[in-house]
Amino acid sequence: MAEEKKLFKVTIDNITIEVEPGTTILNAARKIGGEVAPPAMCYYSTLKGSGGKCRTCLVEVAAGSTADPRPMPKLVASCRTNVMDGMIVKNITSEKALDARKGIVEFLLINHPLDCPICDQAGECYLQDLSYEHGEEGTRYEFKRRTFEKHDIGPYIQLHMTRCILCYRCVYVADQLTQKREHGILDRGDQSEIATYIHKALENDFIGNVIDVCPVGALTDKTFRFKNRVWFLKPQDAHRDCPKCSGRVTLWNRGDEVFRVTARKDQWGEVQEFICNECRFEKKKTADWVIEGPTRISRHSVISQGHYVDTVEPRETLPAVMGGRKPKLLMDINNVSEVNRPGIDLSEIQGPAHSMDFDSENIKP
Amino acid sequence: MGRKLLLEKAQVEGIRNYDVYRREGGYRSVEKAFKEMSPDQITDEVKKSGLRGRGGAGFPAGMKWSFIAKPEGVPRHLVCNADESEPGTFKDRFLMEFIPHLLIEGLIVSSYALGSHLTYIYIRGEYSWIIDILETAIGEAKSNGWLGENILGTGFNLEIYIHRGAGAYICGEETALLESLEGKRGLPRIKPPFPAVKGVWDRPTVVNNVETLAAVVPIILMGGEEYAKIGVGKSTGTKLISACGNINKPGVYEIDMTISVEDFIYSDEYCGGIANGKKLKACIPGGSSVPILPANLLLKTAKGEKRIMNYESLSDGGFAKGSMMGSGGFIVLDEDQCVVKHTYTLARFYRHESCGQCSPCREGTGWMEKILKNIETGKGKMSDIDLLWDIQRRIEGNTICPLGDAAAWPVAAAIRHFRDEFEWHILNPEESQIRNYGLAHYADPLEPAVAAV
Amino acid sequence: MTNIFSPEKLARVKELISHYPEGKQKSAILPVLHLAQDNSGGWLSTETMDYVAELLHILPVEVYEVATFYSMYNMKPVGKYVFEVCQTGPCMINGSDEIIQYIQDTLNIKVGETSSDGLFTLKTVECLGACGYAPMMQLGKFYREHLTKEKVDAIIAECRKISAANN
């Protein structure tokens, strides 16, 4: 007889949901979606052991559980902390968490080269997004940025160690997807680096996936290097019969030309199915693939840039989160516009709106 | 003369050898524990004793023991943390070097209490000659029937092995230590799960400091309640203090936690006063991680009471006006010392020892070091002080393990109490390269506390 | 696999592995690397580390990761005598800076360098747990404490003498 599973109630930023025991705060927040989900630079749900390192997903736990409602003394890494029944979590409603996150962004950037103009990751870089959404303007760092000796890790993958934020995702990929890991984190502290030690090319059928899991431009596709900016390309879902992997990929086209092939990613930027090196690096002709259609791209992404009709609208959760209050930063349009006075619902106006529609007699009380 | 429980016999000629140690009453606690007590009774005695972890955090040892999970068929382990690396701390080294059998004895009793048949001593790699001393002691204990199979006919088996580290302060953090014991890089684990549930090789594990485990011996011999009568409040028993810096008699001292800081520094029994007739400027009372205090706040609490060498009194006033007992590394600075430079060396230490796993510590420790170096070498700016404050604030509490806090606190406390010295450095870039700020007003009497209404 | 270790050393490796539960031989990596470093002139070459990986049945990269993490392993050749002088707070306030300067001047090398005769390497290290006996350095297995310029001179002379006697 199947026992009915007791679900845990957790409240994150004033929104309560029920999740299965064993769910992390981050995954519970992702269920709510939108801004409530903390950013995650190192956690990767499909990579065992990942998470906890970058500290961008820190949240405040205002109440541990119904049984023990004491707040947790420190901010916790939401990706590695399981929810408890009755837990109350504050993410974007916690000044403490937002301040800490600003600090983390600053720490991640002090030694980052900020070479976005020549970085192939630009436009799909999670550090760019993170800095834009959570960082502060300017830097207070006045020292020479860290550099590393260059390592060539083979014909397919380009390593830029200066851009690395040491999320360890690529190490987990090599550990969990390939038979024999050849690269790792060497040295320690602020000198830690990704390397093979023996200047060796990474060789494995699935090692190319390190490119997709890398949140920044530390590991990029050498076959795509400097070929194009991602926002000039058109992503399309495609597949082929591949003996090694599922063969389900995203093609990045310009016209008929395939500039690069990546795995398909979900709304959190995580690869759905890892693909093999052959699909990624060798199949650069449209004829190699069966095109399924345009890839759905988040409306907020620079890649969407108005090219596509089929963009995904992120769920706007701010009003719910703020307990009905309007976010301070957003302008109250009614105060500045005669047009959008309360009582006029633009969506109910048939056809194009005219000045007539805004005459006072047409406004519902 | 304070009561001695651990170092009482340290001066006995040849105490390092088994025969002398045994003749002086060694291994009696094993006999008592194995013949008269059950493992749970031992844990109870340790609980009653109020013994707090001597490694730095001060967590009640008996409670830690009681948390150990006991799943069926899964071995449990005791690991002795001898990775003593906190600047200012060298007490465990003294204990292991001079009376190694005391640690072995404590380990046997504790292993029996916890059900560990395979116990490790994780010792810092640099203490290489101590490894030989311990291995000899383990060999002697084994050949005399205190280790091995069926000890004292109880059916209890135990092996103790030494695991040599290789130079990493972070391995003193218990989960990093366990990673290192598994043959990996010493990266602290994210808790939970705690070692008591999933420790080394995913087995329930207790990690205790050398001094903590040695203290189990007197606790068993005299009983937990008797032990708890020594000291005061929640600071029970005796504590080893390693005193260093500008004092006449640096060394390791055993104190019962009732003597005042002033007596400890100035009495001939302990530090013997400040060296070369100088004046006391500042002190870090519990190892480099704990807040530094100026002389006036060190000797008396903000309330105007005498500060005592125990957990409660040293932390009286919180971080704003107090410090911590920490690991008992007592670093004394005289009037000629430069707090900026000292803080810089500590920042360099923490940058060097950061494992690099999580971003605030990896990036923040290096940043603080660079700024402090600038200030120290006369290249600082006034805004650097506030920047330093902001950096340490954003490291503290936001890291995986306490190394972030340990790196942040010394900087915070130095700025809090010695801000004028930092400012002087910045405003007098040339002069600060030739002379130090000196004692300034750091030893001036505190303003009398306002009586609570 | 060509053996770098003598049969006695291999027996010691076997014994070290036996300290850990079945299948957990990776735990022996730190002690085995110490053994390997002592065996090969005080540093770890790629060949030595690959050999250790084979002995412990682990991937070479696992050895590289560990060896580069811990400060006691030298990844480059070092002199016959390595002076590891502590420079952290308690040693600093007792004059470690002057000792380091003195060694640099006397041996005509900078921190991190090896003297031209290959005898001495000078390294600065962080706290070695001898704060009450500062300033200090580690030389081989032992600590040299309460250092003064005279003591440094004596230590250098002692090393030269031992080295000459062994040649």
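Q: What makes a stretch of chain C count as an α or a β in its pattern?
A: Helices are DSSP runs of H or I with at least four residues, and strands are runs of E with at least two, numbered from the N terminus. In this predicted model, chain C reads α-α-α-α-β-α-α-β-β-β-α along the sequence. That amounts to 7 helices and 4 strands.

Q: What makes a residue of chain C count as buried, and what percentage do?
A: A residue is buried if 20 or more other C-beta atoms lie within 10 Å of its own. Of the 167 residues in chain C, 45% count as buried.

Q: How do you know which residues of chain C and chain B are in contact?
A: Their C-beta atoms, placed from the backbone, must lie within 7 Å. By that rule, 35 residues of chain C are in contact with 45 residues of chain B. On the chain C side, α2 (29-39), α4 (60-69) and α5 (89-92) each supply at least two residues. The largest share, 5 residues, comes from α2(C).

Q: What classes of residue make up the side of chain C that touches chain B?
A: Sorted by class, that side has 20 nonpolar, 10 polar and 5 charged residues.

Q: And how many residues of chain A are in contact with chain C?
A: Here 12 residues of chain A are in contact with 7 residues of chain C. The chain A side has 4 nonpolar, 3 polar and 5 charged residues.

Q: What makes β3(B) and β4(B) a pair?
A: Two strands pair if DSSP finds at least two bridges between them. Strand β3(B) is joined to β4 (residues 156-164) of chain B by 2 bridges, so by this definition they pair, and they run antiparallel. B:Gly148 has B:Leu158 as its bridge partner in β4(B).

Methods:
Residues numbered from 1 in each chain as written. Chains lettered and ligands numbered in written order. Predicted model: local features only at pLDDT ≥ 70, side-chain atom pairs only at ≥ 80, totals over all residues. Buried ≥ 20, exposed ≤ 12 C-beta atoms within 10 Å, placed from the backbone. Contact = placed C-beta atoms within 7 Å. Nonpolar A, V, L, I, M, F, W, Y, C, P; charged D, E, K, R; others polar.
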